[in-house]
Amino acid sequence: MSLSLLNSLLFACLALALEWFRVSGTSLTAIGSSLYNIQCSLETIHAIRAFDVITATHTTIIPGTRAVLETVIGESIAAPLDTLKSLLFYYVLYVYSIKVYRHMNARGLVGCILEGVNGAVRRILLLLLALPPSRSKVQSELSKVRHDIELKLMPQGEGISRHLALPPQGRSVQWILEEMDKMDEEANRGKGENGNGVDWREGKISGAVYHGGEDLTRVIVAAFERYAVSNPLHPDVFPAVRKMEAEIVSMCLRLYNNPDGAGTMTSGGTESIVMAVKTYRDWARAVKGIRNPEMIVPITAHAAFHKGAAYMGVKVHTIPVDTTTRKVDIRRVRKAINPNTIILVGSAINFPDGNQDDIVALGKLASGHNIGLHVDCCLGSFVLPFLERAGLADGETDSDGNVKYRLEPYDFRVKGVTSVSCDTHKGSSVIMYRDTSLRRYQYYVNPNWTGGVYASPSLSGSRPGSLIAGTWAAMQYMGSDGYLNSCHSVVTCARKIANAITTRIPTLYVLGSPPSSVVAVASRDKDVDVLEVGDAMGKRGWHLNAITEPKGLHITCTKLTLTVVDTFIEDLKACVEQARRAPEGRGSMVALYGLGSSSPVGPNLVGEVASIYLDTLYKV
C-alpha cells in the first residue's frame, strides 16, 4: 500500500470516528465506559477461536460500522456546511498530530521540552533587548565589535590606496603587480605577515592552505594560464576542459570504489553537499511523492547540510553523537526515520573532531528504508583512500591493548551508500553517486526558455575552466604515489600530536579516535578553559579552530604542519599551564564562544557578530 493511500485511509478512519462522536453526542465518559467493558470482556477470554472472531464480526462489528456510517451520512446531508467545517478541522488536527509525533520521535520528549523552553526564553529576552534602554546598550556593544573587526580586517594608517571606481585609462602589468605588492604591505602593516600575526608559510595554521610545494604551484598556475578564458558551459568550444572534468570524476569514482558510478564537479565541498540535498529532495518527490522532505544528520555534520536544507526547503533532524566514540547515535537515527525522510548523513571524517560515523550501520538503515545515504568525505578526500596502502588503516594499539585510530568502511563498498562528496582542490570538489539515474535529479534543465534550451549539472551555469584544468594537472602531477606519501606523512604527524597530548598533556584529552589528519582536544580540568588555551596559542602565532559540544580546539594537519609539529606540542603544553595560572578571559575565542553559550539569546548575538564580519569583508 502506498504512503499516500495509507495516510488517506488513516485520516478517513479518524474523521469517521470523530464525526460520529460529534453527531451522536457521545460523551468522553461513555467512550471510556465502552472501552472498559471491552477490556473486561477480553479478560474473560482465555482462547480466541476463528469461529468467535467471524461471529463477532458478523453480529457486532459490521452492523455497528453500518450504523455509524448511516448516522454520519445522514447528518452530513442534513447539515453539509457543519460537516465540511468539521472535516477541515479534523484534517488540520491529523496533519499537525503527525508532525508533532514525528518531531518528538526524532528529538525525544525531554529534547522537545528543552527546545520549547529555550525558544520561549529566547523570545522573551529578545523582546526585552528590543526595549529602548537595552537596545541602546546592545547597539553600543555591537559598534565596538564592528570597530574591532574592521581594525583586524581592513588596512589602517596613512596613504592607503583605495580603488573605488574604474581608472580612466587601463593600467600596465607592471603597475598592477606593484600595486598588489603595495596592498599586501598595507594589509600587513604592523600586524604580521597576513594581518593577524599568522604567516601561513610557517605552517602554524589549521588546514586552510593545502600547499603541495612550489613545483606543484607552478604546474597549477601553468594550467590556469593555458585555460584562463575557458568555460565548461560550452563543451563544443572547449572540448579539452570537458574531457578533463570527466576524467577527474572518473578518477575520484575509482578512488572510492565505484568505477561504474556517476558524478559532477562543483566549486567546493559546500556546493557538493548542497547539490546532494537538492538531488535527494527531487528524487523523493518524483519517486516517493514526498512533499515535506526531512533529513537526518549528526550534530557533527558540516554546516553545509543545514545550508543546503535551508536553500532547498528540507527539515533537518540533528542527532547527538556518543561522547566517547564521537559517532552518531544509531539508535536515535533509527527512531528519527519517518515516511518523509529522504536522506541520512554520515561523515568520514567530520570537521569538528576528525572522527568518522558508523557508515555500515547507517547504510543498513538507509537500504532498509529505501532512502539515501550521503557520506561527506570532503575533509578526508585524498587521505582516507590511501590509508590502507600506507599501512595506517588498522590504527595503533595503546599500552592497555586498545586499538585506536582505526579506519572503518566508508565508501561505495558499503551497502546503502548512495553518494559521496570529495574535495579535489581548493575551489573544486566532486559529488559522486552510485549510478547515473540518481545524478539526473541533480541537473537543472529548462527546455522552454526563450534564450534556448538551458541545462546545467550544478548550481553554476558558466564556470571557470581554469579551475578544472588546475585540478586535473595537480592530480596528474601528484599521482597515486604522491598522494600515498602525503597521506602517510600527514596522518603520522596527526597521530604524533594525538599521542603526545594523551601521554604528555593530561589536562587535555583527544576527542574520539580520529583516523585521519584532524585532532581535536577538550579540557578534563574544570580550572582550565580550553578556549583560553586557544587564545594563548594565537599569541604564539598559531591559527587554530574552536569547536563546541564539547568546547574544544582542533588542528587539521597538512604538509605545512610537518616541520612545526614539535613546536606545536611544546607550545600547547606551555599554553595549558598559562591558561591554568593566569587566565585572561579577554581573548577572541573566549569572548565569542562564551557569548554564544551565555544565554538562550547567545547564538542570536553571535549570529549578529558573524553578519558584521561578513559586512566588513565588503568594506573598502
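**Helix pairs, salt bridges and a surface patch**

E247 and K243 lie 4 residues apart in helix α9, so about one helical turn separates them. Helices here are DSSP runs of H or I with at least four residues, numbered from the N terminus, as are strands (E, at least two). The model is predicted: local features need pLDDT of at least 70, side-chain atom pairs count only at pLDDT 80 or more, and totals for chains, interfaces and linings use all residues. Residues are numbered from 1 along each chain as its sequence is written, and side-chain values use heavy atoms, with hydrogens and water left out.

E247 and K243 form a salt bridge, with their closest N and O atoms 2.4 Å apart. The term means a side-chain nitrogen of Lys or Arg within 4 Å of a carboxyl oxygen of Asp or Glu. E247 is partly exposed, at a relative accessible area of 26%. K243 is also partly exposed, at 44%. Buried means under 20% relative accessible area, exposed means over 50%, and partly exposed lies in between (1.4 Å probe, protein chains only).

Across the whole structure, a search finds 19 salt bridges. Another of them joins the side chains of D282 and K278, at 2.9 Å from N to O. D282 and K278 are 4 residues apart in helix α10, which spans residues 269–288, so about one helical turn lies between them. D282 and K278 are both buried. D282 also forms a salt bridge with R281, where the closest N and O atoms are 3.0 Å apart. D282 counts as buried because its relative accessibility is 16%. R281 is buried too, with a relative accessible area of 16%.

Helix packing comes next. Two packed helices are described by the angle between their axes and the distance between the axes. Helix α9 covers residues 239–255, and helix α16 covers residues 465–504. Their axes come within 9 Å and cross at roughly 50 degrees. Axes are lines fitted to C-alpha atoms, for helices over the stretch in contact, and angles run from 0 to 180 degrees between N-to-C directions. Angles under 35 degrees count as roughly parallel, over 145 as roughly antiparallel, 65 to 115 as roughly perpendicular and the rest as oblique. α9 passes α16 in a left-handed crossing. A crossing is left-handed if the near helix is turned anticlockwise from the far one by less than a right angle, and right-handed if clockwise.

α16 also meets helix α18, residues 565–581. The axes of α16 and α18 come within 10 Å and cross at roughly 25 degrees. α16 and α18 are therefore roughly parallel. This crossing of α16 past α18 is right-handed. L572 sits in helix α18. L572 counts as buried because its relative accessibility is 2%. In sequence, L572 and A536 are 36 residues apart; in space, their C-alpha atoms are 8.7 Å apart.

The surface carries a nonpolar patch of V100, M104, L109, I113, V117 and V121, with about 490 Å² of accessible area together. Two elements give two or more residues to this patch: α4 (80–107) and α5 (109–129). α5 gives the most, with 4 residues. L109 is found in helix α5. L109 is exposed, with a relative accessible area of 54%. Patches are made of residues with over 30% relative accessible area and no salt bridge; like charges are joined within 9 Å, and nonpolar side chains (Val, Leu, Ile, Met, Phe, Trp, Tyr) within 5 Å. Accessible areas come from the Shrake-Rupley method with a 1.4 Å probe, and for residues only the protein chains shown count as cover.
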